[in-house]
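Me: I have a structure open and would like to learn how to read its features. Could we go through them one at a time?

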Amino acid sequence: MNPNKKRLRRTMMFLNAQKPSLMKDAYVYRADSVIFDLEDAVAENQKDTARFSLYHTLIEVNYRGVERVVRINGLNTSYWKEDIRVSVAGGCDCIRLPKCEYVSEIKAVEEEIEKAEKEFGRPQGSTLMMAAIESPRGIFNAVELCESTGRLMGIAIGAGDYMRTMGTRRYDDGQEMAFARGMVLNAAKLAGIQCFDTAYTELDKMDVFETEVKLIKQLGFDGKSIISPKQIEIVHRIFTPTELEIRQAEKIVRAIKENAETGVGVFMVEGKMIDIAFLEGAERTIALAKAAGVYKGGL
């Protein structure tokens, strides 16, 4: 398995691949991942120019550990195959497929990635994939999409096209996204891959944004797509475990291991009943703390 498949991805920040000035130093904001957008952000007559800028950014700019994802154009266009060739040639970390509805689309993209890896001498399997679900059909096919290939590191939900299809808009309480979020999130967890929430585009409503981030963290999402560096601090703060959460996780891990040796399956930790089902969550908390650079314990 690609060792980067499970890396920390609290924030995935969109950047217009048509604008080198935006791409050349975006790593300084320290989003966990950046998404170079060749799709919606780029005008039809600027696709070739955007690919040229993207390629040179990928090979010339040291992103200092920030993951580099490329959102290609959809398979209903004439651009997507060349998008993949340029992205893989430049050494991107991941290809994001927009508006995904069918497993056949993921397989087609995977085939082109494999061709490009061979053509440009990239290690086979080194280029990960993620898919964005943006329609009711994609939502109802989410399980099959998530289980389609081991190259898929995660799946994201996109609200824009989905809202238009449903005949509604984004509301501050997020109820219009409840069903879609639940379906996509459960499909991703079933398949053992990561899941990312949609971008929030109203930068003058940072209080609403923070409430939304707290909600998707509570639901179990791994991170959120973002459109501005202003949003990074809020997401990272909410997704980074607190010192109290880390200490509690450590106690749970130790207690489970100690009681396993004596054959005890259910026990109390600080007044709370604990069993083996709590182990995975505790270990994930510690892994998040380590990845975020805030872990100081000894586990």
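Me: Is Arg71 buried or exposed, going by relative accessibility?
Reply: Keep in mind that this is a predicted model. Arg71 has 8% relative accessibility, so Arg71 counts as buried, the cut-off for buried being under 20%.

Me: Which residue does Arg71 form a salt bridge with?
Reply: Start with the general idea. Side chains of opposite charge can pair when their charged atoms come close. In this structure Arg71 pairs with Asp40, and their closest N and O atoms are 4.0 Å apart. The two belong to distant parts of the chain: Arg71 is in strand E3 (residues 67-71), while Asp40 is in the loop between E2 and H2, 31 residues apart.

Me: Where does Lys99 sit relative to Asp40 in the chain?
Reply: Lys99 is in the loop between E4 and H4, and Asp40 is in the loop between E2 and H2, 59 residues apart. Their side chains form a salt bridge at 3.8 Å, N to O.

Me: How far apart are the closest N and O atoms of Glu39 and Lys99?
Reply: They are 2.6 Å apart, and the pair is a salt bridge. This pair also links distant parts of the chain: Glu39 lies in the loop between strand E2 (33-37) and helix H2 (47-60), and Lys99 in the loop between strand E4 (94-97) and helix H4 (103-119), 60 residues apart. Glu39 is buried at a relative accessible area of 7%, whereas Lys99 is partly exposed at 35%.

Me: Which residues do salt bridges with shared partners join into one network?
Reply: The network consists of Asp37, Glu39, Asp40, Arg71, Lys99, Asp161 and Arg164. In the whole structure, a search finds 34 salt bridges.

Me: What does a positive phi tell me about Lys99?
Reply: First, the general rule. Most residues other than glycine have a negative phi, and most peptide bonds are trans. Lys99 is not a glycine, yet its phi is positive, about 50 degrees. Arg64 is another non-glycine residue with a positive phi, near 55 degrees. Arg64 is in the loop between H2 and E3 and is partly exposed, with a relative accessible area of 48%.

Me: How do the axes of H2 and H3 cross?
Reply: Again, the general idea comes first. Two packed helices are described by the angle between their axes and the distance between the axes. The axes of H2 and helix H3 (residues 80-90) come within 8 Å and cross at roughly 20 degrees. Angles under 35 degrees count as roughly parallel, and H2 and H3 are therefore roughly parallel to each other. Their crossing is right-handed.

Me: Which residues of H2 and H3 meet?
Reply: From H2 they are Arg51, Leu54, Tyr55, Leu58 and Ile59; from H3 they are Glu82, Asp83, Val86, Ser87, Ala89 and Gly90. By type, the residues of this contact are six nonpolar, two polar and three charged.

Me: Which residues of helix H7 are buried?
Reply: In H7 (residues 159-166), the buried residues are Ala159, Asp161, Tyr162 and Met163. They pack against helix H5 (136-140), strand E6 (152-157) and helix H8 (178-191). Just after H7 comes Gly167, with a positive phi of about 70 degrees.

Notes:
Residues numbered from 1 in each chain as written. Predicted model: local features only at pLDDT ≥ 70, side-chain atom pairs only at ≥ 80, totals over all residues. Heavy atoms only, no water. Helix = DSSP H or I, 4+ residues; strand = E, 2+ residues; numbered from the N terminus. Buried < 20%, exposed > 50% of the residue type's maximum accessible area, 1.4 Å probe, protein only. Axes fitted to C-alpha atoms, helices over the stretch in contact; angles between N-to-C directions. Parallel < 35°, antiparallel > 145°, perpendicular 65-115°, else oblique. Left-handed = near helix turned anticlockwise from the far one by under 90°. Contact = heavy atoms within 4.5 Å. Nonpolar A, V, L, I, M, F, W, Y, C, P; charged D, E, K, R; others polar.
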